[in-house]
Structure formats: C-alpha cells, structure tokens
Amino acid sequence: MLEIKEYDLIVVGTGSAINIVYRMIVDNSDTKIAVIDKNDPGGISLTRGCIPSKMLLQHANLVRMIEKVGEYNIDIEVKDVDFEKIMKGTRETIRERSESIGRVLINSENVDYYPCTAEFVDPHIITVSRQRALRGSEREDAPEDMNITSKTIILGLGSRPRIPHIKGIRFAHYYTSDNILEMEELPDTIAIVGGGYVAAEFGYFFSAMGSRVTLFSRNPRFLPSEEPEISALAEKELGKRMTILTNHEVREIKEDSAKTLMVIERGTGKRKEFTADEVLIATGRAPNTTFIHPVRGGIQTDDGGWVVVDEHLETSQPNIWALGDATGGHMFKHVADYESHIVYHNAILGERIKADYQAIPRAIFIQPEIASVGLGEGGALERYGEDEVLIGFYNYRDTAMGEAMHIENGFVKVILHRSTRKILGAHIIGPQASVLLQEIVTLMYTPDRSADPIIHGMHIHPALSEVVEKAFLSLMTPRQYRALGHNHDSRD
Ligand SMILES: Cc1cc2nc3c(=O)[nH]c(=O)nc-3n(C[C@H](O)[C@H](O)[C@H](O)COP(=O)(O)OP(=O)(O)OC[C@H]3O[C@@H](n4cnc5c(N)ncnc54)[C@H](O)[C@@H]3O)c2cc1C
C-alpha cells in the first residue's frame, strides 16, 4: 500500500488551471496544493500552441509586409530568412517562459509540484507515478510512486492532436503541432493535412518562409467554421502563395526519400499522388483523458472521451472540476482562462456560478486575419427566420484608413436581431480583425447585447475601427444582402 499524502487542492495540468494555482499562492498561502503536469509547465498554449505559433506567424507577417511595400514605391526586398534561427529563437523564448513557471511552482512554499503523469486510483485519490511519467519521468526531481488525495481536484487536462486513420501513417515520419517547433531545416515542400485554423496558420507560415505548401482538406470548404464569404476570400488570398485542395482526402502516406501521399478527390473519386519533403498533420484535437483513467476516479466522459461537466464545470464526481480543452467544448485559450475563473469561484470560494458561453470569439492569425463571434448568417436565419435578421456589411477599402493601407479585399459582416437590435454575430476578415472584433464582443456581454453604442456613438476618424461602425450603419435584410451579390467565391 502506497503512502497517501493529503492536500487541500490537487490541480492536474499547468495550462489555464495554473491561474487557480497562482491565485491560491497569493490569496491562500496557507493551503497545501499539489500541481501535476507530465509535460513542460505552461500547458499547450505556451509550449506548443497559441504563443509559439503566433511568434512564428510574426515572421510571416513581416515577410508579407515587405513584399507589399513596393505598392508604396519603397524599394526593399526579403533576401533570405534564417529558418533555423527563427525556430531556435522561438524554442528558447518558450523554454525560458516555461522554466519560469516551473520555478514559481518549485519555489512556492505551499505547492508541491509533480512533473509526471497523474492517474486516478479511486475517486479523490491520484497516483503520481515516476515509471508512467512521460517526458517528466526523465527528470531528477520526478517523485517515486505515491498516492495523493484531496477533497477538491481540478482537471485542466487539455487535448492532443487527433491523428486520422491514414494507411501507412504509423510508419511515416510526420509533424503535428506538438513537435513542429523541433523542425530545424526549412523543407522545400510540405504537405499539410487539414483545413482548419492550425493548418491555415502553419500553411501561411511555411509559404512565407519559402516552402512550397500543399494543403489537403476533406471538407469542401477551406476553414469550414467561418462564413462562406470568409472561407472563400481566405482561400483565394492564401491560395496565391500555396496550393489549397479542398474536398481532397489523404488515404495513404508512403515514406521513401520523400513522402508520397495518395489522395482521393472526394466526389469524383479521382486518385492523385503528391510528394513532399515533410508532412504536417493538423486534423483537429483528441481528448487527453486516457492517461488519468477517469473511470477509476468516478468521472464520466462522453462517447468521444471528453470529460462531462455541468454548467458549473463540476464533473460527475462531486468536488472534482474540469476546465478548458478537457471538456471538449470550445477549445480556445481564452475559454480555458475564463473557465479557470469560474472554477476558482465555484471550487475554491464555494459559489455556484454558471459558465456563460453566449459570445465566444475566435481568430485565425493569417493574412488576411479572420475573427468571428456568435451566429453566422445561416444559423441566425435558422433560429430567427428571414424577417427577424438584419445584416450589416462594409469593405475596409471604403474607409479612409482602409484605402491608405491599400486593403483591397477585407470586410466586416455583422448580424443583428431585427426587432430587439441585439447583436447575434460578427465576422471580420482583414487587418487587425481580432482587435476590431473586440468592441462587438464586449457589447455582446452587456445585458441587452444592443448595437446602439456603436450605432449612436463615435469612432475615431480615420481609424480602421470605422469599418466596424460603418458595417453597423449599413444594415439590410438578408434578401437585400444576397441581392447585392456579396459573392466572395474563390473561383471568381
Ligand atoms: C498550434 C495551436 C495553436 C493554437 N492557437 C490558439 C490561439 O491562437 N488562440 C486560442 O485561443 N487558442 C489557441 N489554441 C488552443 C489553446 O492552446 C488551447 O485551447 C488551450 O491551451 C487549452 O488550455 P488547457 O488549460 O485546457 O490545456 P493545456 O494548456 O493543454 O494544459 C493541459 C496540461 O495538462 C497536462 N496533463 C494532461 N493529462 C495529464 C495527466 N494525466 N497527468 C499530468 N499532466 C497531465 C498536459 O501535459 C498539459 O500540460 C491553439 C492550439 C494549438 C495546438
């Protein structure tokens, strides 16, 4: 029988769950907390997700900006990119930030940090196992096997890349977002399997660095979660620098000196063969729950393996809470952070706050940038009917700043409920889309979600934000919108 050590709180995962640990370190310095993570401290967002990917994308943005300055009669050119240094610099920054989180955990007197895998043996009892630990197991400070227990446990388990069933994939070397940072040499050619935001961002990055990129997406539409006009414009713009093959399914990967991909064009059934030096798989996320053995913890998971929680983010096991990607909901860092606050209030302060998902924004940091929130046109029509929906639309190029910035194609599309003037959704493609969207998101968190503060207020002239104001001042019925032929089809 292993020794059992008791804690006031056990936190599994150092992604957004770390927010709770930080608050406990400051506000409850006499509580005893166990923090467990089998990977480097900081979670996916810091070590393999949002932060490194956005650091890489800044290099791509600069390359693309320099390529554009010729339009302003300025003569500079990109002579070379030092890919190895870009990757090394990014890895080093991430490592330093992760190590500094580790130092906080190690140096906090009320925290025991276990750099290994957590496994339930019973509800509220977790084994921290040196043998079963993954990367953390190699470390000197990994503990010997022991059991730990607490009345309150928080699971911020995250997710991992979903690997599709492709013949031969097990025998081929491929990258995912988990290990792409380790790449040292820029491939001449790279095949990207997937058509969502991770595939789009890495496709944009590699093409700007100088690789020839071919992206294969099973879906008939590139970036299928976005409005059709946005998908089409993104495909058209990114398609100028890389090959985007939608409706194409990769069936087999063979590895020789290069990788050969056998691809089927869905619909026609036509077989095609492509070769690439490297392959990146970016086909969505899978649950990370297997390691922790949720059944032994009495924690229900759904058919997909995601942790089931109620509206207070409590699992089926009382006083065990889950947040972030682990629940398979909206897999964004800002959602995981938001949920960490809800869990702090409910699990630690004993409140009963419900998570509120009425307006979840998201962004894709390619050029043109994309940001969206709420319902799309189709969803709004389905829910409220043709007569209760209004659409506002405005092109960046029709604003003073848009013209100064030579923005040819970006736009803002907003969707309102006609009789209440409630904002139902907003979709932006163009420079600073994520920043421009934020004022709309903020209004969507007011009690009446009204667009009036934008419609009746002032926007600085000639700031880019005028494109948002003007979209709200250009409202029309869905029929009028369609009649105006807002057709951003990539095949134009
Ligand atoms: C390439 C990429 C780009 C992204 N870009 C964005 C973006 O721009 N904006 C955005 O909002 N979101 C982005 N995301 C999504 C975002 O990173 C995640 O939604 C967010 O990090 C989830 O946080 P989390 O706290 O739920 O989990 P994580 O940050 O994944 O943390 C979970 C931690 O739990 C640990 N763990 C799991 N099981 C165990 C166990 N049994 N024992 C011990 N430790 C365990 C893991 O090691 C991990 O460190 C991106 C993701 C990827 C992959």
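**Points on the predicted model**

1. The model is predicted. In it, Leu-261 stands opposite Phe-274 in β15. Strand β14, residues 259–265, pairs with β15 in the antiparallel sense over seven bridges.

2. These strands belong to an open sheet of three, ordered β13-β14-β15 with antiparallel pairing. β13 (248–255) and β15 (270–276) are the edge strands; each has a single partner, so one side of each is left without a neighbour in the sheet. On average, and with direction ignored, neighbouring strands here are turned by 25 degrees against each other.

3. Around the ligand there are 35 residues, of which Gly-13, Gly-15, Gly-43, Gly-158 and Gly-324 come nearest. Two or more residues of this shell are given by each of α2 (43–47), α3 (50–68), β5 (117–122) and α7 (333–348).

4. Does the length of helix α5 agree or disagree with its residue count? Helix α5 covers residues 197–209, and its 13 residues should span 18 Å at 1.5 Å a residue; the end C-alpha atoms are 18 Å apart, which agrees. The helix is mostly covered, with 13 of its 13 residues buried. Just after α5, Gly-210 takes a positive phi of about 120 degrees.

5. Helix α6 (residues 228–238) has as buried residues Ile-230, Ser-231, Ala-232, Leu-233, Ala-234, Glu-235 and Leu-238. The elements covering them include α5, β12 (243–245), β20 (370–374) and β23 (423–429).

6. Two cis peptide bonds deserve a look. One runs from Gln-367 to Pro-368, with omega near 0 degrees; Pro-368 is found in the loop between β19 (362–364) and β20. Another runs from His-461 to Pro-462, with omega near -5 degrees, and Pro-462 has its place in the loop between α11 (452–456) and α12 (466–472).

7. Asn-73 has phi near 60 degrees and is found in the loop between α3 and α4 (83–107). Is Asn-73 buried or exposed? Asn-73 counts as exposed because it has 6 C-beta neighbours inside 10 Å, and the cut-off for exposed is 12 or fewer.

8. Arg-421 has phi near 65 degrees, again a positive value in a residue other than glycine. Arg-421 lies in the loop between β22 (411–417) and β23. With 16 other C-beta atoms within 10 Å, Arg-421 is partly exposed.

How values were computed
Residues are numbered from 1 along each chain as its sequence is written. This is a predicted model: local features need pLDDT of at least 70, side-chain atom pairs count only at pLDDT 80 or more; totals for chains, interfaces and linings use all residues. Two strands pair if DSSP finds at least two bridges between them. Helices (H or I, at least four residues) and strands (E, at least two) are DSSP runs, numbered from the N terminus. Axes are lines fitted to C-alpha atoms, for helices over the stretch in contact, and angles run from 0 to 180 degrees between N-to-C directions. A residue is near a molecule or strand if its C-beta atom, placed from the backbone, lies within 6 Å of it. The expected span of a helix is 1.5 Å times one less than its number of residues. A residue is buried if 20 or more other C-beta atoms lie within 10 Å of its own, exposed if 12 or fewer, and partly exposed in between; C-beta atoms are placed from the backbone. Two residues are in contact if their C-beta atoms, placed from the backbone, lie within 7 Å.
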